[in-house]
Amino acid sequence: MEQSVIEKYGEARLPRYTSYPTAPHFSPEIIPGTYGRWLRSIPATQRTSLYLHIPFCRSMCWYCGCHTTITEKDKPILDYLEMLHREVDLIAKERGGDFNVGEIHFGGGTPTIIEPREFITLMDALRSTLGFASRVNTAVEIDPRRLQPEMMDALGRSGVTRASLGVQSFDPKVQKAINRIQSAETTSECVTGLRQNGVNAINFDLIYGLPYQTVESCIETVETAVAMGPDRFSVFGYAHIPSFKKHQRLINESALPNARERHAQAEAIAQRLVAAGYQRIGLDHFALPEDELAIAQREGHLHRNFQGYTTDACETLIGLGASAIGKLGQGYHQNEVPPGLYANRVAAGELPTSKTYGLTSEDRLRADVIERLMCDFKADIGALSAAHGFDPEYLLTGNNALEALERDGLVRRIDAVVWVDHQHRFVVRAVAAAFDAYLAGSARTYSTAA
């Protein structure tokens with residue numbers, strides 16, 4: 001593949017499109033009572049998803065791009081959990097009815113920094129206060145270095161069904177360069193312990209583009225990881241944004257691979273995973289053929305939300321905790337980002353919303369187009385436009401970014417159907433961006449990442 005194509009599109013600074021519009025476009029100008037009205041309007045029988053953000057870690061991984069706080073003490077965590085319980089009570093009071101929760105995702109930070117008894121208590125509170133559906137899928141992000149047997153037992157007793165383990169790389173040189181030392185043995189023991197406690201669905205997170213990383217070390221990491229038998233892999237490119245995440249300044253920039261090397265690493269990981277029997281899911285996920293994610297892709301009902309690719313079809317996602325984002329039928333909401341400000345709002349008996357975004361008819365159309373592109377590498381603009389009451393030419397005529405992608409041979413268009421060739425799947429975010437009204441239209445350009 002030509003290096004110019006890789007540099008032009010492969011490393012473009014573009015959204016991951018886990019939502020549309022993306023979070024930077026949510027507004028801090030909130031009409032009082034907006035979020036409460038949205039909560040009250042959720043249909044009684046509709047399944048609801050929850051996302052709970054636990055913004056604490058014991059040590060900082062230098063590559064991290066998440067909202068998290070480093071603490072060696074337990075008190076800040078316990079104080080935060082108290083506010084999380086109170087936020088649960090607030091949304092329950094606002095709605096005055098059952099939420100019929102069917103999906104729960106704990107993200108961080110490190111969710112398993114919570115003490116086992118506190119995790120069980122929190123799950124019990126969600127069940128009793130918000131109401132669970134007959135079947136609930138619960139996923140937890142885990143740092144294998146910190147997971148103790150007592151917590152594994154608590155996860156199993158609480159009904160956790162999926163664990164997402166941070167691995168990133170097993171190369172000792174890379175681990176030292178990102179301040180995350182984690183042996184294969186520790187990771188394997190974590191997998192075994194989780195499965196012994198009934199948490200059988202396991203996901204591994206890998207990262208390419210880290211300092212000192214090579215194609216060879218990426219392949220070695222994959223082979224070590226595959227031997228542990230996870231059901232899924234999520235494979236992300238490291239985003240170096242030291243101006244935004246100051247701890248990333250501790251990473252040696254001269255040791256970071258360039259765009260061509262990053263692309264080679266990503267493709268090497270993908271090829272090894274496919275050779276091991278995993279199917280490529282969307283842009284950056286891999287799953288065994290019998291995994292529900294692979295089944296959803298084959299059957300055409302794969303979805304994408306703030307946690308990435310998912311089978312979760314719930315129309316309502318409620319975000320709980322500092323910085324958490326949710327989506328309801330009317331639009332998006334985000335909580336206060338600083339844990340202290342979040343706590344102050346909740347302690348005052350207020351829903352801690354800091355931003356909202358009310359979806360327009362055009363937003364809904366563009367969101368559907370972008371989701372189908374990200375999930376299927378294909379979007380029938382005609383059918384989707386008709387479903388939303390639009391003429392397809394509204395999105396296609398004068399779409400200079402899409403025309404440029406066509407000229408470069410990266411997408412095909414027949415009438416109002418747009419395809420991304422699987423050989424060029426790494427450009428799918430650029431194709432999605434061609435339908436993003438917030439980007440600069442005909443002046444849109446693609447700047448490569450450092």
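The following questions and answers go through a predicted model of one chain.

Reader: What kind of model is this, and how are residues numbered?
Author: This is a predicted model, in which local features need pLDDT of at least 70 and side-chain atom pairs count only at pLDDT 80 or more, while totals for chains, interfaces and linings use all residues. Side-chain values use heavy atoms, leaving out hydrogens and water, and residues are numbered along each chain as its sequence is written, from 1.

Reader: How many helices and strands does the chain have?
Author: Helices (H or I, at least four residues) and strands (E, at least two) are DSSP runs, numbered from the N terminus. Counted this way, the secondary structure of the chain comes to 16 helices and 19 strands.

Reader: Why is the chain called as compact as a globular protein of its length?
Author: The globule rule is 2.2 Å times the number of residues to the power 0.38, and the radius of gyration is taken over C-alpha atoms. For 450 residues the rule gives 22 Å, and the chain is as compact as a globular protein of that length because its radius of gyration is close to that, at 22 Å.

Reader: What share of the residues is buried?
Author: Buried means under 20% relative accessible area, exposed over 50%, and partly exposed in between (1.4 Å probe, protein chains only). Of the 450 residues of the chain, the share that counts as buried is 56%.

Reader: Among contacts between residues at least 6 apart in sequence, what share joins residues at least 24 apart?
Author: A contact means heavy atoms within 4.5 Å. Among contacts in the chain between residues at least 6 apart in sequence, the share that joins residues at least 24 apart is 72%.

Reader: Which residue does a cis peptide bond join to Gly109?
Author: Most peptide bonds are trans. Gly109 is placed in the loop between β4 (101-108) and α4 (116-130). The cis peptide bond here has an omega of about 10° and joins Gly109 to Gly108.

Reader: Is Asn179 buried or partly exposed?
Author: Asn179 is found in the loop between α6 (172-177) and α7. Its phi is positive, about 60°, although Asn179 is not a glycine. At 32% relative accessibility, Asn179 counts as partly exposed.

Reader: What is the phi of Ser323?
Author: Ser323 has its place in the loop between β13 (316-320) and β14 (325-328). Ser323 counts as buried, at 8% relative accessibility. Although Ser323 is not a glycine, its phi is positive, about 70°.
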